[in-house]
Structure formats: C-alpha cells, structure tokens
Amino acid sequence: MSRIGLVKSAVNEQLNDSYDLLAMRLLFSPEHAVVNIQKEIKDLYVYPERLESGYCDEWRAIATRALFRNAFGEHWRSDEENLQRYLKYLRSQAIPKCVHQNVELFRMLGQALAIARSDNTIAFPDRQRQALINIIWPEKAGRK
C-alpha cells in the first residue's frame, strides 16, 4: 500500500472521532485559517450539522496532511512501522497534551455533540430554518 493509502486508512480507522480530529486541527493548524477555531466550535451550538457536513472533513484533511508530512522521518523503518510509531506518539503524548491545554474547546465540542445527538433536537437546514423564523417572527422578515 502507498504512503497516502496508509495515512488515509489510519485517519479513518484510528483518528476518526470528533475529539481526535479537533486535536489534530489544533496541533496542525492551517497557516491561513479563514475562521478562528473557537468561533467554529461556538457555531456548533447553533448549527450542529456543520460538524458532520464540513468541519470533520476539513479536520480529516488536516490530519491526513500532518501524518503524511510527519510520520515517515525514520527511513530505516518500514512505512507501516513509522506510521504506527507516530500514531502511538500522538495518542500517548501530543493529543492528551492538546486536550489538557484546550479543555474549554473540547468541553464545548462535547456539549455541541450532545445537542446534536439528543432525541429532542431537530436541526433544520438553513433555508428551512429561515422560513420557520419568518413564520414565527414575521416582523424580522420584513427588515432585511
């Protein structure tokens, strides 16, 4: 299997939950992030669907690039061994340290996940949400 295949497989199998992906996003922040990560996480309270419809995909891409760039430094080891050793380092040291340093973000992510997974929460797509708001508060619809 190619390196990129190994990395994609590792991300999908071993770094597949939202907490790990957020940690990877924080550890390997893009140089030119358009939106601040705190704002992205706060937005999940209002738009919980964004986590699955966009953020996790973006964070997976960041994790994939980070692993591809950093996991294969010891050329005398096989690609599989290099990758597993790097993942072990991430899981045992880097990710726990990141969580400890960003406890509030991870707490907010947990709350947003709880809201999104709740049985009594319904997420409306933006267009439908706006239509509902227009029905509830017609005076706000006229002010656009």
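Student: Let's start with Arg-91 in this model. Is Arg-91 buried, partly exposed or exposed?

Tutor: This is a predicted model, and in it Arg-91 counts as partly exposed, because its relative accessibility is 38%.

Student: And what does its side chain pair with?

Tutor: Arg-91 forms a salt bridge with Asp-20, at 2.9 Å from N to O. Asp-20 lies in helix α2 and Arg-91 in helix α5, so the pair links distant parts of the chain, 71 residues apart.

Student: Nice. Is Asp-20 buried or exposed?

Tutor: Asp-20 counts as buried, because its relative accessibility is 10% and the cut-off is under 20%.

Student: How many salt bridges are there?

Tutor: The count comes to nine. One of them joins Arg-50 and Asp-43, with the closest N and O atoms 3.4 Å apart. Asp-43 is buried at 17% relative accessible area, while Arg-50 is partly exposed at 28%.

Student: What about Arg-77, which partner does it meet?

Tutor: Arg-77 meets Glu-81 in a salt bridge, 3.3 Å from N to O. Glu-81 is partly exposed, at 36% relative accessibility. Salt bridges with shared partners tie Glu-74, Arg-77, Glu-81 and Arg-85 into one network.

Student: Switching topic: how many residues are in the largest nonpolar core?

Tutor: It has 36 residues, and those with the most contacts inside it include Leu-22, Leu-51 and Trp-59. Helices α1, α2, α3, α4, α5 and α6 each supply at least two residues, and the largest share, eight, comes from α4.

Student: What does Leu-51 touch, beyond its neighbours within four places in sequence?

Tutor: Leu-51 is in contact with Ser-18, Leu-44, Cys-56, Trp-59, Leu-109 and Leu-113.

Conventions: Residues numbered from 1 in each chain as written. Predicted model: local features only at pLDDT ≥ 70, side-chain atom pairs only at ≥ 80, totals over all residues. Heavy atoms only, no water. Core = buried A, V, L, I, M, F, W, Y, C linked by side-chain atoms within 4.5 Å. Buried < 20%, exposed > 50% of the residue type's maximum accessible area, 1.4 Å probe, protein only. Helix = DSSP H or I, 4+ residues; strand = E, 2+ residues; numbered from the N terminus. Contact = heavy atoms within 4.5 Å. Salt bridge = Lys/Arg side-chain N within 4 Å of Asp/Glu carboxyl O.
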